[in-house]
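Please examine the sequence together with the coordinates before reading on. The paragraphs below go from the overall architecture to individual residues.

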Amino acid sequence: MSDLIYPEVFYMDFLLNFKKNDDRTYIKIIEEQIQHNTIELLIDFNDLNKYNNNFSKNVLNNPEEHLKQLELTIYNYLYDKYHNIINNQIRIKIKIDNLKKLYLQDIKAENINKLICVEGIITSISQVRPMIEKTTLVCNICKRQITFIPNNIYFNPIKLCPICREKSLRIEYNKSIFIDALLLIISNNKRKIRVLIKGNNIKNYKLRDKIKLIGIVKIINNDRKRLNKYDIMIEENHSYKI
Ligand SMILES: [Zn+2]
């Protein structure tokens, strides 16, 4: 199967035709939510596997790209079929469940940017704070504006203006988009790991709660990056108390 040639056709076929145990298709579950501003679709990883093994591998190995593609496929379908019902600002969030569990201590470099499932006890919970999702940098000298999307929790925007080559960029906070974010630390006595939870996914977890977490392993650049050693963090896709 050359699944990467027309991924949207392939995704659409899965959504329209794969039947869950209760005989519903995923598109039926989506259509039940079209009046909402946010559509949440929980996909059972076993269903992906049953439908097509390459499909499930793609989601595991390149979740960022494939989950975004899947969300876009759903958006386009809804827009075509229900454009006078749906809100154009509708947010579609795909969550994955039922992945094979990995122990925290077994997360290695090979898992970076991959989708994994772990369990752990919450040993620290931060305050909910706004995090910059997208911002505009403006050059004090040539006035050029640059869009900047930070790719990790340590906000470290470029300082050098790419046009006039001066260290003259400043952040325009009033032209920034913020999202709520929360940091957890989860532990299993062998390893502790940081977890980032964003936006509508933030839940009322308490210290000592044991959770199951599906998320993407990310590296964190910090000030010691010249050593070319990185910390890792999991960006949550789906989690719940167990
Ligand atoms: Zn400049």
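The account begins with the model and its elements, then turns to domains, core, helices and selected backbone positions.

This is a predicted model, in which local features need pLDDT of at least 70 and side-chain atom pairs count only at pLDDT 80 or more, while totals for chains, interfaces and linings use all residues. Residue numbers start from 1 along each chain, following the sequence as written.

The protein has five helices and nine strands; helices (H or I, at least four residues) and strands (E, at least two) are DSSP runs, numbered from the N terminus. Read from the N terminus, the order of elements is α-α-β-α-α-α-β-β-β-β-β-β-β-β. The C-alpha trace spans about 60 × 50 × 35 Å along its principal axes. Of the 242 residues, 19% are buried; a residue is buried if 20 or more other C-beta atoms lie within 10 Å of its own, exposed if 12 or fewer, and partly exposed in between, with C-beta atoms placed from the backbone. Two residues are in contact if their C-beta atoms, likewise placed from the backbone, lie within 7 Å. Among contacts between residues at least 6 apart in sequence, 63% join residues at least 24 apart.

The domain assignment gives domain 1 (7-97), domain 2 (104-128 + 179-241) and domain 3 (132-178), with bounds that come from an automatic or database domain assignment. The centres of domain 1 and domain 2, taken over C-alpha atoms, are 25 Å apart. Nine residues from domain 1 and eight residues from domain 2 take part in their contact. On the side of domain 1 that touches domain 2, α4, α5 and β2 (91-97) each supply at least two residues. That side of domain 1 divides into four nonpolar, two polar and three charged residues; here Ala, Val, Leu, Ile, Met, Phe, Trp, Tyr, Cys and Pro count as nonpolar, Asp, Glu, Lys and Arg as charged, and the others, Gly among them, as polar.

Which residues have the most contacts inside the largest nonpolar core? They are Val59, Ile96, Leu115, Val195, Leu213, Ile214 and Ile234, in a core of 32 residues. A nonpolar core is a set of buried Ala, Val, Leu, Ile, Met, Phe, Trp, Tyr and Cys residues joined through C-beta atoms within 7 Å. The elements giving two or more residues to this core are α1 (7-17), α4, α5, β2, β3 (115-125), β6 (169-187), β7 (192-198) and β8 (210-220). Domain 1 and domain 2 each contribute at least three residues to this core. Leaving aside residues up to four places away in sequence, Val195 touches Leu183, Leu184, Ile186, Leu213, Gly215, Met233, Ile234 and Glu236.

In α1, Phe10, Tyr11 and Leu15 are buried. These residues lie on the same side of α1 because they cover an arc of only 135 degrees around the axis, the arc being that of the directions from the helix axis to the C-beta atoms. Val9, Leu16 and Asn17 are exposed on the other side of α1. The buried residues of α1 pack against α2 (26-31), α4 and α5.

In α4, the buried residues are Phe55, Ser56 and Val59. Their arc of only 95 degrees around the axis places them on the same side of α4. Asn53 and Asn61 are exposed on the face of α4 turned away from its buried side. The cover over the buried residues of α4 includes α1, α3 (45-51), α5, β2 and β3.

Helix α4 (residues 53-61) packs with helix α5 (residues 63-82) at an angle of about 120 degrees, the axes being 5 Å apart. Axes are lines fitted to C-alpha atoms, for helices over the stretch in contact, and angles run from 0 to 180 degrees between N-to-C directions. At this contact, Asn58, Val59 and Leu60 in α4 meet Pro63, His66 and Leu67 in α5. The contact residues comprise four nonpolar, two polar and no charged.

Two backbone positions close the account. Most residues other than glycine have a negative phi. Asn98, in the loop between β2 and β3, has a positive phi near 70 degrees. Asn98 is partly exposed, with 14 other C-beta atoms within 10 Å. Asn189, in the loop between β6 and β7, has a positive phi near 75 degrees. Asn189 is exposed, with 9 other C-beta atoms within 10 Å.
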